[in-house]
Structure formats: structure tokens, C-alpha cells
Amino acid sequence: MSTSAAYASPAATPRRHVGAYILIVAALVALVITAWRFFTPLSGIDGSGGAMTAMFAELVMVVLGLLLLKSHAGGLRGFLLFLSWAGIIGTFIAALFLHGWWTAAVLAVGAVGVVIETFTPATRSA
């Protein structure tokens, strides 16, 4: 019984990046919604610089999520989490200014992913 997963030490078990996956999926969905509104005529934000900036920020959040998948405990992971927090909060505010209620809702789900990723203990690489 001592070899079961329930008795394994946290350093021996592989880390699941559930929060990073949630961030990636939420950022991709938000990117699709914002891109649809950007390219749809008479959507209210078609061709606007604000929507283009929001799309760029959502793309950056996808990259941050991918980098969080590969990061381990340390300063780089803390910096990536800081950038993820800044990206989620800033893009959420931008979505509210652009009246993108669905985008804001999806980014709120992405914020849950960042919370999970922030408060889940990271393992050190050996």
C-alpha cells in the first residue's frame, strides 16, 4: 500500500497544470469572440484599434499559458504569473469598455484558471 498515489510525496507526483489549460482555452475563446466582433460589419467595434489591442492581449495570454505549462517553481514562474494576472485584468477591463460581455465572461473563467495556477504548489525540477 505504500506505493499508491495517495502516499506519494508531492515532489514525486507529476504536476497537472489545470489552471494553465483553463487559461489557454479561455484566451482562445475570447480571441475568437473578439476577432468575430472585429471583422463583423456593424458590430460596434469593427476595425477599431481597441479590439485589435484586445486580440493581441488575448494572443499573449495564450502564449503565457503555454509558458506556464513548461515553467517550474522559481522566479520565472512568478514573473509569468504576474504577467498573467496583469493580462487577465487588463483585457477584462478592455472587454468591458468594448461592451464585449461574452468576452468578459470568458475572461472571468480564465481568471479562475490563473487563480488555480497561482495557488497550486509548483514542483522544482530535479
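Threonine 91 counts as buried because its relative accessibility is 4%, where buried means under 20% relative accessible area, exposed over 50% and partly exposed in between, with a 1.4 Å probe and protein chains only. Threonine 91 belongs to helix H3, residues 75-97; helices are DSSP runs of H or I with at least four residues, strands are runs of E with at least two, and both are numbered from the N terminus. Beyond its neighbours within four places in sequence, threonine 91 is in contact with Ala54, Ala57, Glu58, Met61 and Leu107, contact meaning heavy atoms within 4.5 Å.

This is a predicted model, in which local features need pLDDT of at least 70 and side-chain atom pairs count only at pLDDT 80 or more, while totals for chains, interfaces and linings use all residues. Residues are numbered from 1 along each chain as its sequence is written, and side-chain values use heavy atoms, with hydrogens and water left out.

The protein chain has four helices and zero strands, in the order α-α-α-α from the N terminus. Of its 126 residues, 36% count as buried. The accessible surface of the chain, from the Shrake-Rupley method with a 1.4 Å probe, is about 7600 Å², and 76% of that surface belongs to carbon and sulfur atoms. Among contacts between residues at least 6 apart in sequence, 70% join residues at least 24 apart.

| Residue pair | Separation along the chain | C-alpha separation |
|---|---|---|
| Threonine 91 and alanine 27 | 64 residues | 9.9 Å |
| Arginine 16 and glutamate 117 | 101 residues | 9.6 Å |

Arginine 16 is placed in the segment before H1 and, at 67% relative accessibility, counts as exposed.

A nonpolar core is a set of buried Ala, Val, Leu, Ile, Met, Phe, Trp, Tyr and Cys residues joined through side-chain atoms within 4.5 Å. The largest such core has 20 residues, and those with the most contacts inside it are Leu23, Met61, Leu68, Ile88 and Leu107. H1, H2, H3 and helix H4 (101-119) each give two or more residues to this core, with the largest share, six residues, coming from H1. Apart from this core lies another, of eight residues, including Phe38, Ile45, Ala54 and Leu98. Isoleucine 88 touches Leu23, Met61, Leu107, Gly110, Ala111 and Val114, residues up to four places away in sequence not being counted.

A search of the whole structure finds one cavity of 30 Å³ or more. A cavity is a set of points on a 1 Å grid over the protein atoms alone where a 1.4 Å probe fits but cannot get out, and lining residues have an atom within 4 Å of a point. The largest cavity has a volume of about 40 Å³, a volume being the space filled by probe spheres set on the points. Thr34, Arg37, Ile45, Ala54, Glu58, Ala95, Leu98 and Thr103 line the largest cavity. Helix H1 (18-39) and helix H2 (49-70) are the elements that give two or more residues to this lining.

Terms used: 1 Å grid on protein atoms, 1.4 Å probe; cavity = no way out; pocket = protein on both sides within 12 Å on 5 of 7 lines; lining within 4 Å.
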